[in-house]
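Subject: Handover of a structure and the findings on it

Dear colleague,

Please find below the structure that I am handing over to you. My notes on it follow directly after.

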Amino acid sequence: MRVEPPVIMSSDPASFPHSVLRDRHPAIVERVLRAHPYPPEVRTELQLLVQEVRVEPLRADAHDAAAWAAWGAGFWGQSWFDVPFLFAENFFYRRLLEAVGYYGAGAWRGIDPFGPQKASDAPTPQELEALAALEGLPEAEQEVALVRAAVWGNRADLGFKLVAGHVEQVDELLVDDGKRMWELAGGGTVIVVADNAGRELLPDLVLIDFLLRTGRAARVELHVKPAPYFVSDALTADVLDELRRFPAGSPIGGRLTAALRQGTLQLYSHSFYCAPLTFHDAAPELAGRFAAAELTILKGDLNYRRLVGDRMWPSSTPFAEVSGYFPGPVAALRTVKSDVVTGLAAGAERSLPASWRTSGAFALVQVRG
C-alpha cells in the first residue's frame with residue numbers, strides 16, 4: 001500500500017504556497033479595493049483580512065458557519081502559514097466574501113468582487129473567430145485542437161497572472177492522453193467541471209458544442225461555482241456573459257443557447273465547489289452524478305489538486321492510482337501552476353526547468369477510464 005506524503009503546507013518561506021499567502025492574497029485584495037467603490041466599513045474589513053496573523057472563524061451568524069467550524073477544527077488560532085495550504089487558500093476567499101458583504105443583507109449582497117477583473121479578461125473577436133473556424137477541420141483534427149485550446153486556455157487565470165505575469169506558451173504537454181479522453185465520450189452524459197471564466201471558458205464552451213453536435217455526448221452538465229472564488233472561477237452569470245460574446249448569428253452560440261433551453265446542456269452547481277475539500281469527500285449527491293456520467297472532464301489546477309490530493313507526490317506517482325477512487329471515468333485538463341503533479345515518466349522532471357511546477361509553462365492531459 002502506497003504511503004501518502006503529507007498535505008502541502010505554507011510554512012516554508014521559500015515555498016510556492018508561502019508566496020501565495022504572502023504576496024498573491026494581498027495583491028488580490030488590493031485589486032478588489034480598486035475595482036469597487038466599497039464604503040469605509042467594507043474597506044476596513046478587507047484591510048483587516050490582509051493584516052490578520054491567525055486564522056479566525058466566520059461570524060457565528062454566517063449561513064455556513066457550522067460547516068466551516070467543522071472543516072477548520074484544530075486550525076483556529078493558528079498562523080495562516082501553519083494550516084494546510086488547501087484550507088488556507090479556500091478560507092481566504094470565503095473570508096473575502098464575508099468582508100465585502102456578499103452574503104449579507106445590505107446593498108452589496110450578491111455583487112461579485114471579482115466581476116470587473118473578469119470583464120477585463122474577455123476573449124477577443126479574433127479568438128472567437130479562430131475557435132469557430134475549427135469546425136471546418138476534420139473531426140479528428142478538431143478533437144486535438146479543442147483539447148489543446150482547453151488546456152492552454154487554463155492559463156487565463158487572473159489570480160495566477162497577478163504575480164506570475166505573462167508566461168510564454170510552451171506548446172508541450174508533459175502527458176497527453178487526449179485520444180483516450182475522446183474514446184470515453186461515447187454518446188452518454190459528459191460532465192465538464194469548469195475552472196475560469198472569460199478566455200478559458202470560451203474554448204470550454206466550444207468543446208461542449210463539439211461534444212453535443214457530433215453526438216459524442218447526448219447531454220452535458222457544466223459545473224460552475226456557487227459563489228465568486230479564486231478570482232476568475234466561473235459562475236452561472238459568467239457562462240451567460242460568455243454566450244453573449246458570440247456574434248449575432250454565430251452557429252456555436254445559437255446551438256449552445258438552444259441546448260440550454262432543451263436541457264441537453266445543463267448548468268449545475270454545488271456548495272462542495274467552494275469548500276476546502278478534495279473529491280474524496282464529495283457529497284453523495286455530487287459523487288452520484290460523477291458515477292452516472294460516461295466521463296467527467298476536470299478543468300484547471302484546483303480541480304486537479306482536489307482529484308489527486310493536495311500533497312507533494314513524487315511526479316512519477318501513477319495518476320490512475322491516486323485518482324482510482326473517483327466514482328467514474330475522469331479526464332484532467334490542466335496547466336501546471338502549483339506543486340502537485342502525478343503521472344510523469346520516471347526521471348522526466350530532470351530535464352525541466354526549476355520552476356516547472358509553478359510557472360504555468362507546462363500542461364497535462366491525464367485520463368483514467
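In which loop is the place of L277? L277 is placed in the loop between β4 (265–269) and α13 (284–292); helices (H or I, at least four residues) and strands (E, at least two) are DSSP runs, numbered from the N terminus.

Before going further, please note that this is a predicted model, in which local features need pLDDT of at least 70 and side-chain atom pairs count only at pLDDT 80 or more, while totals for chains, interfaces and linings use all residues. Residues are numbered from 1 along each chain as its sequence is written, and side-chain values use heavy atoms, with hydrogens and water left out.

Residue L277

L277 counts as buried because its relative accessibility is 17%; buried means under 20% relative accessible area, exposed over 50%, and partly exposed in between (1.4 Å probe, protein chains only). Leaving aside neighbours within four places in sequence, L277 is in contact with W71, L86, F272 and R306, where contact means heavy atoms within 4.5 Å. L277 and A133 are 144 residues apart in sequence, and their C-alpha atoms are 39 Å apart in space.

Helix α10 and its partners

Helix α10 covers residues 201–213 and helix α11 covers residues 236–245. Their axes come within 10 Å and cross at roughly 80°. Axes here are lines fitted to C-alpha atoms, for helices over the stretch in contact, and angles run from 0 to 180 degrees between N-to-C directions. The two helices, α10 and α11, are therefore roughly perpendicular to each other. As to the terms, angles under 35 degrees count as roughly parallel, over 145 as roughly antiparallel, 65 to 115 as roughly perpendicular and the rest as oblique. On the α10 side the contact is made by L201, L202 and L205, and on the α11 side by D238, V239, E242 and L243. By class, this contact of α10 with α11 has 5 nonpolar, no polar and 2 charged residues. In this classification Ala, Val, Leu, Ile, Met, Phe, Trp, Tyr, Cys and Pro count as nonpolar, Asp, Glu, Lys and Arg as charged, and the others, Gly among them, as polar.

Helix α6 (residues 125–133) also packs with α10, at an angle of about 20° and with the axes 11 Å apart. Accordingly, α6 and α10 are roughly parallel to each other. The crossing in which α6 passes α10 is right-handed. A crossing is left-handed if the near helix is turned anticlockwise from the far one by less than a right angle, and right-handed if clockwise. E127, L128 and L131 of α6 meet L202, P203 and V206 of α10 in this contact. The residues of the contact of α6 with α10 comprise 5 nonpolar, no polar and 1 charged.

Helix α7 (residues 139–153) packs with α10 at an angle of about 150°, with the axes 9 Å apart. The pair α7 and α10 is therefore roughly antiparallel. Here α7 passes α10 in a left-handed crossing. From α7 the contact involves E139, Q142, E143, L146, A149 and A150, and from α10 it involves P203, D204, V206, L207, F210 and R213. The contact of α7 with α10 divides into 7 nonpolar, 1 polar and 4 charged residues.

The loops on either side of β3

A217 is found in the loop between α10 and β3 and is buried, with a relative accessible area of 3%. Apart from neighbours within four places in sequence, A217 is in contact with G187, G188, V190, L211 and L212.

F230 lies in the loop between β3 (219–224) and α11, and V231 is found in the loop between β3 and α11. Phi of F230 is near 45°, a positive value in a residue other than glycine. V231 has a positive phi of about 65°, although it is not a glycine. F230 counts as buried at 11% relative accessibility, and V231 is buried with a relative accessible area of 0%.

F92 belongs to helix α4 (residues 85–99) and counts as buried at 5% relative accessibility. F92 and F230 are 138 residues apart in sequence and 9.2 Å apart in space, C-alpha to C-alpha.

R305 lies in helix α14 (residues 301–308) and counts as buried at 3% relative accessibility. The side chain of R305 makes a polar contact with the side chain of D310 (2.7 Å). A polar contact is a pair of N or O atoms within 3.5 Å; within protein, one must be able to donate a hydrogen and the other to accept it, and residues adjacent in sequence count only if both atoms are side-chain atoms.

Yours sincerely
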